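Here's a quick tour of a protein fold for you. Have the model open while you read, and click along as we go.

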Amino acid sequence: MKKASACIFVFLFSLASVFAQNYQIPKIPLGVSKNESVPSVVEGKVIYAQTDAKKALKSSMDLPEELADGVMVISFESEYYYLGQKRKAVYQMVYSNIKPDKKFLKASEKKPVDVKEKEILGTAAGDVTLVIRCRNLDEHLSLSAKSLPIQYNSFWYFGLESMMPNVMKFLLFQPIESKTTSIPVPGGDSESLESIASAASKTFISYPAMPVKIKTVMKSQPVPMHKAQSFEEQTVYQQKLSGMTIEGTVQFDGVTMHFFFPEQFEGYFREEYKSGDPIWLFGYILYAFNGEVYLFGRDFSLNDPDEKVNATQNYIITMNRQLRNQRNSELKAQGVDPEAGDYVDMTQKIPSGGYATYERFFVKDGQTGKFKENTANTAVNYFDKKGRLVAHMYYYDNSDMIRHTTTYKYDSKDRPIEVCHYDSKMYQDNGWKVDPKRSRLFIKDVTVYKDTKNGTDAVTTKYRYSYSPRVEHPDGQTIKKFNSKGVLVRIENISEESPDSIDITEYDDFGNVTYVKYTVEKPTEMSYEYVYDGDKIIQGTANDLMKGEVTKWTCEYDEKGLLTKKIYPDYTYTYRYNNDGKLVESISTNTKTGVTWHREVFRYDKKTGIMLLHIEESDYGSWSMTRFWYTELEKDGWEKDLDPYRLAEELPE
């Protein structure tokens, strides 16, 4: 533990010495003079170009003032490995002080203009600068950073260290777990260490450089590099291994691997590495000979760089918070409120003729067996006289103070047209307090309905908000298509960052899902087929189009046509209803053993039909939980210690 703590301390100390402690966007000069041509340093898509700084600041690009004068934004993609998985990232390269070529001036996120690396973008209007930005604190960019990344509104800004050849980029090397791990070959099929070594058992095979990372043990220190044993090996030495003088040999899952390093690494290994200890080696596979694999050694580490990511990100966040607070303090000292104009009063009232409900949440204590109320999840709902939800609020822990408010608006057909989310200002006054009169909007969804030949399209545009200053950012769209009978037949979710990647869900005329394709997050593609009796499903089939798996299930109904059972090969779901056709119990069991692993109970108010009680029991063998939600119809007079099973007996089904 002492050794690990020391490593973290040394690592954080090195971060402090690397990151300049100033609150400035880490842009770098491109090195072109005024009126000279400006080349693109990446291949991607131009999504914005503007010469007028005022227009740029008012645009949806969310640009800092120091970058807005003569600006061009290029979206480009990259890949890296983190926690054993390949990650795809979308970055933006921001040029400033540039006169864009005319063909780029109409570029937008919806209609981008393709650009090649080294293609001329325009001419320099002054000292052209570059900076990379993305919406999240990217793992690869964070670990590669040598200057402090800065958060401005909804973007993180990074220097160009991740593109510099002399900077070690640990997350670009594919982690190899075993000799059978698939390794993509540039311009070809995939290989593995096993297949590479086997193919070269009696011959020499060269490969395009393939970056890999292994965790291994070196039984001895590197030795002088062996002399070339063939003409082919001598050629690789001259063309790709010039400057390499030492060689470290390891056994990895039965495969012999040789890493070549420059002369200075002999001292690094001798000073830092103790033979027999774990080590992470990074290198490029170049060739295989006599059943062994040879690599250009790029670097080594005594700790997995993946484990350094969280420490790096936490340090970056901490430094940004400290520097931002320092800046705000300086502004306040000058009589300037950095948050002025950001707040609105979101105090809510029950609409005339409407009503309110109060949702309480309880969790069973596994040790005492008693139910404990989670007061941080007490919610309030206000409804208008039509029964439409107009406001949803959460109390701050064990108080009457509202910490979060969501408001809803509708059109004349009672269709939702606007949903807004607000957070209340938190402040210290003998403990933490919140003030709904000082709330800030952070998410808004606006829906527009368009009549079509086949029905109606509901187009919802999502917005996010950042502050200091307040800026509105488009955040994607959801398009719901309804047929002429008002049945939902298709949903399209369009990401703002990847507009070409669309998540799709399709439905049949009965409103049941027939096709799903997700590309933005976890890739999924499914199709569904049904056998109907009237409008009731009696058999369903789910086809996983990516895995090639098929799952079938059957459905049963009561005399009223209500679904009572859904039977899958592994699980069975049983449903029970009251005389009004409302669900009062749902049970999930293992089809083969009959063991119940999930059960839900529901009770309703007879007069209003409002759900008053929802009990949820889960038991997965190694883990179990029981919780319930209870809805109060009055604000005062609440009973403190509630038992859900007593309530289930007292409330009629």
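**The big picture**

This is a predicted model, and its protein chain splits into domain 1 (28–171), domain 2 (173–302) and domain 3 (346–447 + 522–650).

**Helix 7**

- Helix 7 covers residues 305–333, so to speak a run of 29 residues, and spans 42 Å from its first C-alpha to its last, close to the 42 Å expected at 1.5 Å a residue.
- Several of its residues are buried, including Val 309, Thr 312, Gln 313, Ile 316, Met 319, Asn 320 and Leu 323.
- After helix 7 comes Gly 335, which has a positive phi near 85°.

**Salt bridges**

- How many salt bridges does the structure hold? The count is 32.
- Glu 66 and Lys 27 pair up through their side chains at 3.4 Å, N to O. Glu 66 sits in the loop between helix 2 (53–58) and strand 4 (71–82), while Lys 27 is in the loop between helix 1 (2–18) and strand 1 (28–29), 39 residues apart.
- Glu 66 is partly exposed at 42% relative accessible area, and Lys 27 is partly exposed too, at 32%.
- Asp 304 and Lys 213 form another salt bridge (3.2 Å, N to O). Asp 304 is in the loop between strand 18 (292–301) and helix 7, and Lys 213 is in strand 13, so the pair ties together parts 91 residues apart in sequence. Both Asp 304 and Lys 213 are buried.
- Arg 360 and Glu 632 meet at 2.8 Å, N to O, in a salt bridge. Arg 360 belongs to strand 19 and Glu 632 to strand 39, 272 residues apart.

Note on methods: Residues are numbered from 1 along each chain as its sequence is written. This is a predicted model: local features need pLDDT of at least 70, side-chain atom pairs count only at pLDDT 80 or more; totals for chains, interfaces and linings use all residues. Side-chain values use heavy atoms; hydrogens and water are left out. Domain bounds come from an automatic or database domain assignment. Helices (H or I, at least four residues) and strands (E, at least two) are DSSP runs, numbered from the N terminus. The expected span of a helix is 1.5 Å times one less than its number of residues. Buried means under 20% relative accessible area, exposed over 50%, partly exposed in between (1.4 Å probe, protein chains only). A salt bridge is a side-chain nitrogen of Lys or Arg within 4 Å of a carboxyl oxygen of Asp or Glu.
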